[in-house]
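Here's a quick briefing for anyone meeting this structure for the first time.

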Amino acid sequence: MTKILALINSDRWAVRWGTIVLSLLAGGLLWESAGWSSNQAIMAPLIGGGDHPGTIPRLYKYLVHDEEYRLSLLQSVGLFTTGFSLALVAAIPLGIVMARFVTLRIALESYILVLYVTPMIALIPFIMSIFGFDFWPKVLVVYLFAFFPILYNTLEGARSVKPEMLEVAKSFRSSEIAIWRDILIPYTLPYALTGVRQAAGRALVGMVAAEFLLSTSGLGEELITASRNFDMAGVLATILVITCLGITFMRTAQAFEQKYAAWRGVNR
Amino acid sequence: MTTDAIGRLPTERPRGKIEAVIVRTGAFFANILWGTPARAKITIKVATGFLILFVWQIGVALFAANFVAKPINIAKVFPSVLADPLFQQAAWNTLAAVFQGLAVALVAGTVVGIAMGRMKVFDRALNFYVNGLYTMPMIALLPLLTIWFGYSGDARMATIIFAAFFSIVINVRDGARSVPPEYLDVCKTYRAPARFVWFDITLFSSLPYLIAGFRLAAGRALVAAVIAEFFVSLNGVGMFVLSNARSFKHNEAVVGVVALVLFGLLFELTMNWITRRYFPWYRREGQSN
């Protein structure tokens, strides 16, 4: 018993990769058999064939042969990028300004915390009835989802700027520009990047939510249409596409974080 | 300053009675508002709050349509909405679903997380799935879950569990990995029974991580509940907000949002308190303030 445990937990190359490959195979097999054994309106197999259309062939068809689907994908990415970059441009400078003006920080930080814990999803009905169903209301949704995580984390960084640093800078008559360039920005940026990573995940939820609940468009529309037609292969393929998008965004943000925040020494 | 013959400062000029009272009350209030740095902080915060509400009120009154929520109108409808049995039922439905889902996710997530953190087989086998499903936005899964579980409370429960489970697993896994190896060595040396190793060492030292994961999970679970209610039209706070906003009763709808925020804040504060009260040795960066 202990021998078996030691073997399957060992660091040998074959054991490690064997476990991973086996688990992937088992997962794929489970998916495949679930797809074949159930009604095609409930579950689609991974590869499929015949009257059980598979997810992977559908994904291939969507991405390679379906012009409309690629347009939807682009539309979604455009929505995400617009909202996210607007949030980035607005939140990070505001956070850094709050590192310099302590009174402003004290005045606003409680309210920022409140908005940070507000489930932005609950604001979608208001946006819907105030701003309507255009492109920009959807951008506003993505923006709101992304803005507060970034601002909240940048604020965290602003709080971590040591007052002694600013005092030393002041006693050496450092210029205002130098204070910003050498103290404030390097100190707050790593925190801001943690926020950016968090915001990437949230903004993706915002993107899909906006596409579901405001005027349907992009990947959200594809998902809803497929699920209304009980086209499970389409649903699963679109979920895979959205997940891949999410992983891409998160990995990009993480790479930035690791590059510029490595010296902070904490991995959150 | 000039002094008199025996070195005393000149006394203040004599005041009238009313003037003295004004000066004294002024000093009294100034002391309350600005007397200590802490008091000054609170004053600044409260003043900003009023300023925000004021700008909101005026801005909406001037530039927005009539139905858009204004602070004064919200305050007016607040008591009646809270007393409304429909609202109470909705709040109760959402909260009960969130707590049940969180409980399930907590237990299951802790077991899976500890298994992944301490045994490499499980880590290798499940890492791909856990990371992938953690990144997957739960809202994308909603159409699928409604088809599987029907347009009922089960779909909401499934969404909540799905949203909460993986963040707990990931945090508990990290916690179980960071158990100091010396403790485990001591256990081995003294031939401690397995239950001590698992419950007293591994589970206990990953508790702070568990709490961090639980906090994250609670936020996600609340969002999941609201999305599911929007999507499935279930009775709950999310639906309350949606239906009121759709019928242009924004003031009532805002009360629903306030309830959600209050729940989130209350949870956050409780967790903070628990961490500080029972795990004072645990300090994670950014959580200290």
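H5(A) and H2(B) cross in a right-handed way. Keep in mind that this is a predicted model.

- H5(A) covers residues 102-117 of chain A, and its axis lies 9 Å from that of H2(B), at an angle of about 65°.
- On the H5(A) side, the contact is made by A:Thr103, A:Ile106, A:Ala107, A:Leu108, A:Ser110 and A:Tyr111.
- Facing them from H2(B) are B:Lys41, B:Ile44, B:Lys45, B:Thr48, B:Gly49 and B:Ile52.
- Sorted by class, this contact has six nonpolar, four polar and two charged residues.

**The contact between the chains**
- Chain B puts 48 residues into the contact, and chain A puts in 44 residues.
- On chain B's side, the elements giving two or more residues include helix H2 (37-63), helix H10 (207-232) and helix H12 (250-278).
- Helix H5 (120-135), helix H6 (138-149) and helix H11 (237-246) of chain B are also among them.
- The residues on chain B's side split into 31 nonpolar, 10 polar and seven charged.

**The domains**
- Chain A is divided into domain 1 (2-37) and domain 2 (63-264), and the centres of these two, taken over C-alpha atoms, are 37 Å apart.
- Chain B is divided into domain 1 (17-63) and domain 2 (74-278), with 39 Å between their centres, again taken over C-alpha atoms.

Methods:
Residues numbered from 1 in each chain as written. Chains lettered and ligands numbered in written order. Predicted model: local features only at pLDDT ≥ 70, side-chain atom pairs only at ≥ 80, totals over all residues. Contact = placed C-beta atoms within 7 Å. Helix = DSSP H or I, 4+ residues; strand = E, 2+ residues; numbered from the N terminus. Nonpolar A, V, L, I, M, F, W, Y, C, P; charged D, E, K, R; others polar. Axes fitted to C-alpha atoms, helices over the stretch in contact; angles between N-to-C directions. Left-handed = near helix turned anticlockwise from the far one by under 90°. Domains from an automatic or database assignment.
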